[in-house]
Every structure is written in C-alpha cells, then in structure tokens.
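Thank you all for coming. Please have a look at the sequence and the model first, and then I will walk you through the parts I picked out.

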Amino acid sequence: MRFRWFSFLSVTCLAIALVPSRAIAHGSSVQYRTTQAIAIRAAFDSGEPMAEAQVTVFAPDNPTEPWLQGQTTANGEFSFIPDPARAGAWDVQVRQAGHGAIVTIPEEAIAAFSSSDGDPSAIAATLSSSSPSLSPAQIALTAAAGVWGCIGTACFFARKES
C-alpha cells in the first residue's frame, strides 16, 4: 500500500514538474528617450506601467550617492534634465514592490542632448533594460531540484515507522 502511494506521488510530482508553463512573474523594463529632458518610461514585462515607482538618478561623477530622486507618474513616466557639466554615463534606477531595473544613459546621448538643446529629431538613442531570463541550464537545474524535492517528500511519507 505504501509503495503504491509512493509511486502515485512520484509520478504525479514528475508530471507536474515536466508540464511546461510560463512563469507568472514581473520583470521590468526601463526605456529612455530625449526630448526637452531625458524621459524615462518604466513598465513591467507584461506592458503594465510601473505607476508611482521610485526613481533614483545617479550622476557620472558620484555613482553611489543619488543626484535626484523622484517618482514615476501613473503611466510609468519620469523626466529629468541632466547637468551638462557632469561628463559621463548617467544611471537611472526604477523600483517598485521588489521589481525594478537600472538603465545607463550613455555619455553620447547626454552630449547629443546638450548640443541639440533637446531637439528630439537630432537624437536617436533608445536603450532597454529588463530582468534577465533563465538559461536552459538554470531551468533544468530548477526542475531537477523540484523533482528531487518531491521524491524526498514522498520517501519521507513512505518510510516505515519504527
């Protein structure tokens, strides 16, 4: 009887582990474009905007201390005007409820912004940063760990009481 229960549980766990399914998790994406200022648009991987997310801008000369802090709009938008006297790439971090991303705005985009006085037609820079996806090896390892856990649980409950 215990062997049947163990076999049933093992097969059930294995079947559940092998059924491909899409993870229901929020990754995030942060994009920028230059207009009269640097405009940020933050969204989850599903396309839903990161409404009222915390935004932290780091200047190139001090990447550990926030240069500017703010919040996105209900549409996940935020804009700022960088200091042209600070040369280098600017980092913008957007976070909401444990999700977020950092986008690096290269020095070339800031220089183009500064030299064109924010003329959008003179600047064609777009960058997207999103949460990394799992590699096939990581997926296989995760699935194997899940199956091993199910087998261990089944063995625990199938053991003979002494």
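Before I go on, two remarks about where the values come from. This is a predicted model, in which local features need pLDDT of at least 70 and side-chain atom pairs count only at pLDDT 80 or more, while totals for chains, interfaces and linings use all residues. Residues are numbered from 1 along each chain as its sequence is written, and side-chain values use heavy atoms, with hydrogens and water left out.

Now the overall picture. The protein has three helices and eight strands, where helices (H or I, at least four residues) and strands (E, at least two) are DSSP runs, numbered from the N terminus. Reading from the N terminus on, the elements follow the order α-β-β-β-β-β-β-β-α-β-α. Of the 162 residues in the protein, 28% are buried. The protein exposes about 10500 Å², and carbon and sulfur atoms supply 60% of that area, which was computed by the Shrake-Rupley method with a 1.4 Å probe, with only the protein chains shown counting as cover for residues.

Let us return to Thr 56, which lies in strand 3. Setting aside neighbours within four places in sequence, Thr 56 is in contact (heavy atoms within 4.5 Å) with Pro 66, Leu 68, Gln 69, Asp 91, Val 92 and Gln 93. Contacts of this kind can also be looked at across the whole protein: among those between residues at least 6 apart in sequence, 54% join residues at least 24 apart.

Next, the sheet around this residue. Four strands form an open sheet in the order 4-3-6-7, and the pairing is antiparallel; two strands pair if DSSP finds at least two bridges between them. Strand 4 (66-71) and strand 7 stand at the edges with a single partner strand each, so one side of each has no neighbour in the sheet. From one strand to the next, the twist averages 15°, taking axes as lines fitted to C-alpha atoms, for helices over the stretch in contact, and angles from 0 to 180 degrees between N-to-C directions.

Looking at individual pairs, strand 3 and strand 4 are joined by five bridges, and Val 57 stands opposite Leu 68 in strand 4. Strand 6 and strand 7 are joined by seven bridges and run antiparallel, with Arg 95 opposite Gly 100 in strand 7. Their hairpin has two residues between the strands, and Ala 97 takes a positive phi near 50° there.

Which residues have the most contacts inside the largest nonpolar core? They are Ile 40, Phe 80, Val 92, Val 94 and Ile 105, in a core of 20 residues, where a nonpolar core is a set of buried Ala, Val, Leu, Ile, Met, Phe, Trp, Tyr and Cys residues joined through side-chain atoms within 4.5 Å. The largest share of this core, four residues, comes from strand 2.

Gly 76 is found in the loop between strand 4 and strand 5, and Gly 76 counts as buried because its relative accessibility is 0%. Beyond four places in sequence, its contacts include Ile 40, Arg 41 and Pro 49.

Finally, the charged side chains. The structure holds two salt bridges, a salt bridge being a side-chain nitrogen of Lys or Arg within 4 Å of a carboxyl oxygen of Asp or Glu. Arg 86 meets Asp 61 at 3.3 Å, N to O, and this pair links distant parts of the chain, with Arg 86 in the loop between strand 5 and strand 6 and Asp 61 in the loop between strand 3 and strand 4, 25 residues apart. Arg 86 also meets Asp 83, at 3.6 Å, N to O, so that Asp 61, Asp 83 and Arg 86 are linked in a network of salt bridges. Asp 61 is exposed, with a relative accessible area of 51%, whereas Arg 86 is partly exposed at 26% and Asp 83 is partly exposed at 27%.

Definitions and conventions: Buried means under 20% relative accessible area, exposed over 50%, partly exposed in between (1.4 Å probe, protein chains only).
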